[in-house]
Amino acid sequence: MKFLTKDKLWLIVSGGILGILGVILVVFGNPKNMGMCVACFIRDIAGGLKLHSTATVQYIRPEILGVIIGAFVLSVITGDFKPSAGSSPVLRFIISFIVMVGALVFLGCPLRMILRLSAGDLNALVGLVGFACGIAVACVFLSKGFTLGSSKASSTVDGAALPVVSAVLLLLAVSVPALFASSSSGPGSMRAPIALSLIAGLVIGVIMQRSRMCMAGGIRDVILIKDVTLILGFASIFVFALVGNLVAGTFKLGFASQPVAHTAHVWNFLGMFAVGLGSALIGGCPMRQIILASEGSADSAMSVLGMLIGAAFAHNFSLAGSADSVVDGVVKVGGPSANGKIALIAGILILLVIAATCTFRKEKK
Amino acid sequence: MRTVDARGFSCPQPVIMTKKAMKEDGDLDVFVDNRVALENVTRFAESSGATVKRETIEGGWKLGIRRS
């Protein structure tokens, strides 16, 4: 059988577009090594909505809203829009909440992890190892029968609600920006022009919906069924973004002094471990949850809301990691505060309890 | 004919359910209700050496997995 099938080709092309867009968005103003980050941008939106008050990370990121709208429109056109609900929504909310805490400790979602790696940030390699380990642990439960239960068809109105709300939010953010909080310094103030961000988001939404790309699924499929299709997308993002960074001059190899990153390696590992474990348990990485929600899955919409509230909580209770900084010429290693460390460990334990409970419980007949 | 009803289950359940059923000999029919599961199960079954015949049914697809 030919290796380069149509779906593999689509993944490589989609990864390429995503990698290049990731670099372009940074060149045009997004924070360094953060052309696109589902976790950081949902966190910024939480700030814009005043769900938290950390002044440096508040902005209604058009990228996320564009992804939702783009994926929704394409799914309606292709017939993939399929409203459904009922597969342990509350557990998905909790798992995604913990995934967001883990991502904010590491300072990135799996997509940003790849973009950071492609810019030479080796701290992301530590995160990648943690991510893969988390997924491997999830695979143990998955192969023993872990399930969050099946969903049933729900109404078109319910399935379209999140995309519609996103479109309304976008309209308000563009026409009445004073309604929302908007950073004047820090990462929240670093932004590409709205039109570029929105168009990039729409394109990403379309290609992610069409290609079914998923960072967690890529590693999971290699472990569970020895299939490399999804991981090709992953690899393609890396290769194209790497070339883009070399061309744009944004590549810097090393651990130290990387933008919006820290060298607290244990916490980079554990943060992404939580992201890998949680993502594999709910069937997709944060980006995939957004795409599935846009296709009508209320369960994934609960995941998106879990991430939004998790991000707000993370900043209200100082759980997020802080970047390395230089004080009087000396590097001060960043990473999570004591609150963040406790929350992350507790979160990982909760994920393991949920995994065990949903694997070994006896189903009621 | 053994059947696997993977409708309503999200990734990666349909493939895992198929993988488990394919551990035993014989043919089977797998029911899915979304294109992702359709593609994933097809890809998995074909990589295991089986042939897959797709049939559109109401609300989804029936995948006839046949071993030679």
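A polar contact, as I use it here, is a pair of N or O atoms within 3.5 Å; within protein, one must be able to donate a hydrogen and the other to accept it, and residues adjacent in sequence count only if both atoms are side-chain atoms. I am reading a predicted model, where local features need pLDDT of at least 70, side-chain atom pairs count only at pLDDT 80 or more, and totals for chains, interfaces and linings use all residues. Residues are numbered from 1 along each chain as its sequence is written, chains are lettered from A in the order in which they are written, and side-chain values use heavy atoms, without hydrogens and water.

**Interface of chains A and B**

I looked up polar contacts first. Across the interface, 11 residue pairs are in polar contact, both at pLDDT 80 or more. The side of chain A that touches chain B divides into five nonpolar, eight polar and nine charged residues. Here Ala, Val, Leu, Ile, Met, Phe, Trp, Tyr, Cys and Pro count as nonpolar, Asp, Glu, Lys and Arg as charged, and the others, Gly among them, as polar.

Next, salt bridges (a side-chain nitrogen of Lys or Arg within 4 Å of a carboxyl oxygen of Asp or Glu). In one, Arg35(B) pairs with Asp80(A), with the closest N and O atoms 2.7 Å apart.

Then I checked contacts (heavy atoms within 4.5 Å). Chain A brings 22 residues, and chain B 18.

Last, the buried area, meaning accessible area (1.4 Å probe) that two parts lose on being put together, summed over both. I note about 1,700 Å², with 50% from carbon and sulfur atoms. Lys82(A), Arg212(A) and Ile225(A) supply 27% of what chain A buries against chain B, more than any other three residues.
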